[in-house]
Amino acid sequence: MIIKTVISIIAYLILAPIVGGLLAGLDRKFSAKMQRRVGPPVLQPFYDVFKLFEKEDQTVTKVQDFYVLIFVVFVIVSGAIFFGGGDMLLVIFTLTLASAFLIIAAYSSNSPYAEIGAERELLQMMAYEPMVLMTVIGFYMCCGSFAVKDVLAGTSMPFLPMIGLFIGFLFILTIKFRKSPFDLSMSHHAHQELVKGLTTEFSGKTLGWIEVSHWYENVFLLGFVFLFFANGTVWGTVIGVVVALLTYFFEVVIDNSFARMKWQFAFKSAWIVALVFGVINIFVLYVII
């Protein structure tokens with residue numbers, strides 16, 4: 001069991017940035033096709049990151065780089081805990097702590113663009129955290145454990161009894177993936193009114209590591225989608241992987257179909273979805289289990 005856990009963690013550390021970078025490249029290509037453009041090559045995100053790593057570091061304060069380093073470490077640790085079969089509560093706590101350090105890094109730059117981006121990031125965290133927490137509670141009620149390995153070892157697919165939580169989780173993934181209409185704090189699009197939001201003052205290796213961290217984060221967020229279909233069988237694994245990939249490209253479609261909304265709408269809609277789909281689903285689980 002320990003050997004399997006170590007192998008899973010090592011596989012995540014090596015493969016997650018590769019998979020995340022390829023998804024980012026396919027995202028750009030797919031978005032370009034929807035807009036009737038040729039678009040960049042699929043490997044363009046890797047070229048961009050390699051170019052960032054080759055640039056000279058230009059930072060406002062040294063402490064800014066330290067906060068970003070802690071952010072990167074906690075994001076990677078979050079994924080390692082998840083793919084190592086660890087506690088999902090610890091995963092979301094670690095990921096939230098990582099986001100907090102990125103926000104502090106943005107504030108430390110004293111840039112008005114970065115500070116507004118940091119404020120919006122805080123609002124987004126308050127918007128999606130309740131739904132994330134309820135999803136984890138739903139897994140506990142359905143599978144009897146907070147551990148990822150116990151969910152994977154289950155014999156029944158959690159999707160049907162947790163369909164409301166699944167819908168709610170898909171909704172907040174739009175925020176977590178930083179897609180329109182909720183790309184409020186930072187964006188990969190050139191039309192972002194805050195330039196690059198909370199990453200405005202980051203450059204070189206620092207910005208490169210932030211991008212790689214998002215690749216890590218996206219992969220293990222899709223891992224949560226996979227858990228909804230895990231039932232210990234090959235078919236469950238195949239269905240989970242396919243749905244996770246379809247989920248990502250569904251978010252790309254949403255990204256290219258809606259204009260950016262105000263933060264008030266993002267906050268209210270996320271909480272309404274959490275109350276309607278999350279709370280009702282948890283109540284149903286409480287009644288039937």
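This report describes a helix and its cover, the salt bridges and the cysteines of one predicted model.

Residues are numbered from 1 along each chain as its sequence is written, and side-chain values use heavy atoms, with hydrogens and water left out. Because the model is predicted, local features need pLDDT of at least 70 and side-chain atom pairs count only at pLDDT 80 or more, while totals for chains, interfaces and linings use all residues.

**Helix H2 and its cover**

Helices here are DSSP runs (H or I, at least four residues), numbered from the N terminus. Helix H2 spans residues 44-54, and its buried residues are Gln-44, Pro-45, Phe-46, Val-49 and Leu-52; buried means under 20% relative accessible area, exposed means over 50%, and partly exposed lies in between, with a 1.4 Å probe and protein chains only. An α-helix has 3.6 residues a turn, so residues three or four places apart point the same way. The cover over the buried residues of H2 includes helix H1 (2-34) and helix H8 (204-227), where contact means heavy atoms within 4.5 Å.

**Salt bridges**

Side chains of opposite charge can pair when their charged atoms come close. A salt bridge is counted when a side-chain nitrogen of Lys or Arg is within 4 Å of a carboxyl oxygen of Asp or Glu, and by this rule the count comes to 4 salt bridges. The table gives some of them.

| Pair | N to O distance |
|---|---|
| Arg-28 and Asp-48 | 2.8 Å |
| Glu-121 and Arg-178 | 2.9 Å |
| Glu-217 and Lys-176 | 2.9 Å |

The salt bridge between Arg-28 and Asp-48 links distant parts of the chain, with Arg-28 in helix H1 and Asp-48 in helix H2, 20 residues apart. Arg-28 is partly exposed at 30% relative accessibility, and Asp-48 is partly exposed at 28%.

In the salt bridge of Glu-121 with Arg-178, Glu-121 lies in helix H5 (residues 112-143) and Arg-178 in the loop between helix H7 (163-176) and H8, so this pair ties together parts 57 residues apart in sequence. Both Glu-121 and Arg-178 are buried.

The salt bridge of Glu-217 with Lys-176 joins helix H8, which holds Glu-217, to helix H7, which holds Lys-176, and so ties together parts 41 residues apart in sequence. Glu-217 is buried at 5% relative accessibility, and Lys-176 is buried at 8%.

**Cysteines**

The structure holds 0 disulfides, a disulfide being a pair of cysteine sulfur atoms within 2.5 Å. Cys-142 is in no disulfide, and the nearest cysteine sulfur, that of Cys-143, is 4.5 Å away. Cys-143 is partly exposed, with a relative accessible area of 28%.

Methods. Helix = DSSP H or I, 4+ residues; strand = E, 2+ residues; numbered from the N terminus.
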